Amino acid sequence: HKYPFDYAASEFGISSQYNPTKLFIDICSATGLAWGCKRATTVWQLGRIRRDKARESGVPAPQPLQRPQKEMAAGSKKDT
(Lines give C-alpha, C1' and ligand atoms only; values in the text may rest on other atoms or scores of the structure.)
Protein backbone atom coordinates (compact mmCIF):
# COMPACT_ATOMS: atom_id res chain seq x y z
CA HIS A 1 0.00 0.00 0.00
CA LYS A 2 1.05 3.52 -0.64
CA TYR A 3 -0.99 4.50 2.43
CA PRO A 4 -0.69 1.73 5.05
CA PHE A 5 -3.42 3.25 7.23
CA ASP A 6 -5.99 2.87 4.41
CA TYR A 7 -7.87 -0.42 4.64
CA ALA A 8 -8.70 -0.48 0.92
CA ALA A 9 -6.16 -1.33 -1.76
CA SER A 10 -7.46 1.32 -4.15
CA GLU A 11 -9.04 4.73 -4.12
CA PHE A 12 -11.73 3.48 -6.51
CA GLY A 13 -15.00 2.11 -5.22
CA ILE A 14 -16.32 -1.41 -5.64
CA SER A 15 -18.12 -0.37 -8.84
CA SER A 16 -14.85 0.70 -10.52
CA GLN A 17 -12.48 -2.01 -9.32
CA TYR A 18 -13.47 -5.40 -7.91
CA ASN A 19 -11.96 -5.78 -4.45
CA PRO A 20 -13.51 -8.64 -2.45
CA THR A 21 -11.51 -7.85 0.69
CA LYS A 22 -12.80 -4.26 0.83
CA LEU A 23 -16.32 -5.52 0.14
CA PHE A 24 -16.04 -7.97 3.06
CA ILE A 25 -14.71 -5.25 5.39
CA ASP A 26 -17.49 -2.87 4.29
CA ILE A 27 -20.12 -5.54 5.03
CA CYS A 28 -18.55 -6.23 8.43
CA SER A 29 -18.52 -2.49 9.14
CA ALA A 30 -22.18 -2.15 8.15
CA THR A 31 -23.14 -5.00 10.50
CA GLY A 32 -21.02 -3.68 13.36
CA LEU A 33 -18.33 -6.38 13.23
CA ALA A 34 -15.65 -3.91 12.14
CA TRP A 35 -15.19 -0.29 13.18
CA GLY A 36 -12.71 2.52 12.86
CA CYS A 37 -11.93 1.75 9.20
CA LYS A 38 -9.66 4.51 7.91
CA ARG A 39 -9.37 5.85 4.37
CA ALA A 40 -6.78 8.16 2.82
CA THR A 41 -9.27 10.48 1.10
CA THR A 42 -7.76 13.67 2.55
CA VAL A 43 -4.29 12.68 1.35
CA TRP A 44 -5.66 11.94 -2.14
CA GLN A 45 -7.36 15.35 -2.28
CA LEU A 46 -4.21 17.18 -1.16
CA GLY A 47 -2.14 15.28 -3.72
CA ARG A 48 -4.58 16.15 -6.49
CA ILE A 49 -4.52 19.85 -5.54
CA ARG A 50 -0.70 19.81 -5.52
CA ARG A 51 -0.57 18.09 -8.95
CA ASP A 52 -3.11 20.52 -10.42
CA LYS A 53 -1.16 23.55 -9.16
CA ALA A 54 2.08 22.14 -10.54
CA ARG A 55 0.44 21.41 -13.91
CA GLU A 56 -0.95 24.95 -14.11
CA SER A 57 2.46 26.46 -13.37
CA GLY A 58 4.09 24.36 -16.11
CA VAL A 59 6.00 21.91 -13.91
CA PRO A 60 6.22 18.57 -15.73
CA ALA A 61 4.76 15.53 -14.01
CA PRO A 62 7.33 13.18 -12.48
CA GLN A 63 7.99 10.03 -14.48
CA PRO A 64 7.86 6.69 -12.67
CA LEU A 65 11.16 4.91 -12.20
CA GLN A 66 11.81 2.05 -14.56
CA ARG A 67 11.63 -1.32 -12.87
CA PRO A 68 14.76 -3.50 -12.87
CA GLN A 69 12.82 -6.37 -14.48
CA LYS A 70 12.17 -4.24 -17.55
CA GLU A 71 15.82 -3.17 -17.76
CA MET A 72 17.02 -6.77 -17.47
CA ALA A 73 14.51 -7.93 -20.09
CA ALA A 74 15.58 -5.14 -22.47
CA GLY A 75 19.26 -6.02 -21.90
CA SER A 76 18.72 -9.72 -22.56
CA LYS A 77 16.94 -8.98 -25.83
CA LYS A 78 19.87 -6.85 -27.02
CA ASP A 79 22.35 -9.61 -26.25
CA THR A 80 20.55 -12.21 -28.39
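The model is predicted, so local features need pLDDT of at least 70 and side-chain atom pairs count only at pLDDT 80 or more, while totals for chains, interfaces and linings use all residues. Residues are numbered from 1 along each chain as its sequence is written, and side-chain values use heavy atoms, with hydrogens and water left out.

**Fold**
- The protein chain has three helices and zero strands, where helices (H or I, at least four residues) and strands (E, at least two) are DSSP runs numbered from the N terminus, and its pattern along the sequence is α-α-α.
- Of the contacts (heavy atoms within 4.5 Å) between residues at least 6 apart in sequence, 58% join residues at least 24 apart.

**Helix α2**
- Helix α2, residues 41-56, has 16 residues and spans 23 Å from its first C-alpha to its last, close to the expected 22 Å, a value defined as 1.5 Å times one less than the number of residues.

**Cysteines**
- With a disulfide defined as a pair of cysteine sulfur atoms within 2.5 Å, the count comes to zero.
- Cys28 is in no disulfide, and the nearest cysteine sulfur, that of Cys37, is 8.7 Å away.
- Cys28 is buried at a relative accessible area of 12%, whereas Cys37 is partly exposed at 33% (buried means under 20%, exposed over 50%, partly exposed in between, with a 1.4 Å probe and protein chains only).

**Burial and surface**
- Buried residues make up 12% of the 80 residues in the protein chain.
- The protein chain exposes about 7200 Å², of which carbon and sulfur atoms supply 58%, as computed by the Shrake-Rupley method with a 1.4 Å probe.
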